[in-house]
Amino acid sequence: MIFCPLPGIPTITQGFGQNPDRYAVYGFEGHNGIDFGVPTGTEVYAPHDGVASLHEGNEGYGKYLVIDADKRRSILAHLHEFLVTDGQTVYQGDPMAKSGNTGTSTGPHLHWTYKILKNGTVQNKDNGYDGAVDVTEFTRLWLDQDLHYDATYTDSAKEYLHMTFADNQYLKNLNRVA
Ligand SMILES: [Zn+2]
C-alpha cells in the first residue's frame, strides 16, 4: 500500500491531468502528478518502500528523488534538501527530504508522481503521462496517523490501482515510530 508523502490533509494546488497547455512541452496530456502547497522545509516521507536515487537539476523537477521498487515508483520533486543518500534502501514512512521550490516551480510545493511497475518496468507508458497515474485517492491515507501499525485501508483504496497488496505489507515497519 502507498500513502501520501505528507501527513495531515495537505492542500492540493495542482491536480493530476490539469493544465494540459503547460505540459504539452513535456509530451504529457496534463500535469503528471499531484502538487501540494507546503512551505519550504516541510518534511516529506516515503510513500512506499524502495531504493532511493537522488537527482539534481536547475529546470523541470529541480532537486528530486526517485523511490523505486519492483511494482512501483514515486518521484518527489522540487525539493530543498535530501535526508537520505543515493542508493539507500528506504521504508514507507521514512523521512526522505525537505520540500522546496527548486526547478521549474512557481512557488514552494511538493510534486508527487506515481507509476506502476511490473518487474521494474513502467507500465502503460503510452497513457499520455509516461505511465504516471492519478493517486489522489491516496492523499488522504495519512489521516490515520498510525499507519505503520494497524492502519485500515478502504476497499476502494485497495482496488484503486487494481493491485493486490498483502494485508501485512505495512507491518514491515513494526519497530518504527510514526
Ligand atoms: Zn507538479
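Trainee: How much of the protein chain is buried?
Mentor: In this predicted model, buried residues make up 34% of the 178 residues.

Trainee: What elements does the chain have?
Mentor: The protein chain has 3 helices and 11 strands. From the N terminus on, they run β-α-β-β-β-β-β-β-β-β-β-β-α-α.

Trainee: And what share of the contacts links residues 24 or more positions apart?
Mentor: Take the contacts with a separation of 6 or more. Residues 24 or more positions apart account for 61% of them.

Trainee: Okay, the core. How many residues are in the largest nonpolar one?
Mentor: The largest nonpolar core has 30 residues. Those with the most contacts inside it are Val44, Leu65, Leu76, Leu79, Met96, Ala97 and Leu110.

Trainee: Which elements give two or more residues to this core?
Mentor: Strands S2, S3 (43-45), S5 (64-68), S6, S7 (79-82), S9 (95-99) and S10 do. As a general point, nonpolar side chains in soluble globular proteins tend to be buried together.

Trainee: How many bridges pair S7 and S9?
Mentor: S7 and S9 pair over 3 bridges, in the antiparallel sense. They belong to an open sheet of 3 strands, in the order S3-S9-S7. The pairing in that sheet is antiparallel.

Trainee: Why is one side of S3 and of S7 left without a neighbour in the sheet?
Mentor: S3 and S7 stand at the edges, and each has a single partner strand, so one side of each lacks a neighbour in the sheet. Neighbouring strands here are turned by 40° against each other on average, direction ignored.

Trainee: Stay with S3 a moment. Is Tyr45 buried or exposed?
Mentor: Tyr45 is found in strand S3. Tyr45 counts as buried because it has 22 C-beta neighbours inside 10 Å, and the cut-off is 20 or more.

Trainee: What does Tyr45 touch?
Mentor: Not counting residues up to four places away in sequence, Tyr45 touches Pro5, Gly93, Asp94, Pro95 and Met96. Look at Gly93. Tyr45 and Gly93 are 48 residues apart in sequence, yet 5.1 Å apart in space, C-alpha to C-alpha.

Trainee: New topic: S10. Which strands does S10 join by bridges?
Mentor: S2, S6 and S11. S2 (residues 34-36) and S10 (residues 110-118) are joined by 3 bridges and run antiparallel. There, Phe36 has Leu110 as its bridge partner.

Trainee: And S6?
Mentor: 6 bridges join S6 (residues 72-77) to S10, again antiparallel. Arg72 has Ile116 in S10 as its bridge partner.

Trainee: How many bridges join S10 to S11?
Mentor: 2 bridges, and the strands run antiparallel. Leu117 stands opposite Val122 in S11. S10 and S11 form a hairpin with 2 residues between them.

Trainee: What is the phi of Asn119 in that turn?
Mentor: Asn119 has a positive phi of about 50°. In general, most residues other than glycine have a negative phi. Asn119 counts as exposed, with 7 C-beta neighbours inside 10 Å.

Trainee: Where is Asn19, and what is its phi?
Mentor: Asn19 is in the loop between strand S1 (12-14) and helix H1 (20-23). Its phi is near 50°, a positive value.

Trainee: Why does Asn19 count as exposed?
Mentor: Asn19 has 12 other C-beta atoms within 10 Å. Exposed means 12 or fewer, so Asn19 qualifies.

Key
Residues numbered from 1 in each chain as written. Predicted model: local features only at pLDDT ≥ 70, side-chain atom pairs only at ≥ 80, totals over all residues. Pairing = 2+ DSSP bridges. Helix = DSSP H or I, 4+ residues; strand = E, 2+ residues; numbered from the N terminus. Core = buried A, V, L, I, M, F, W, Y, C linked by C-beta atoms within 7 Å. Axes fitted to C-alpha atoms, helices over the stretch in contact; angles between N-to-C directions. Contact = placed C-beta atoms within 7 Å.
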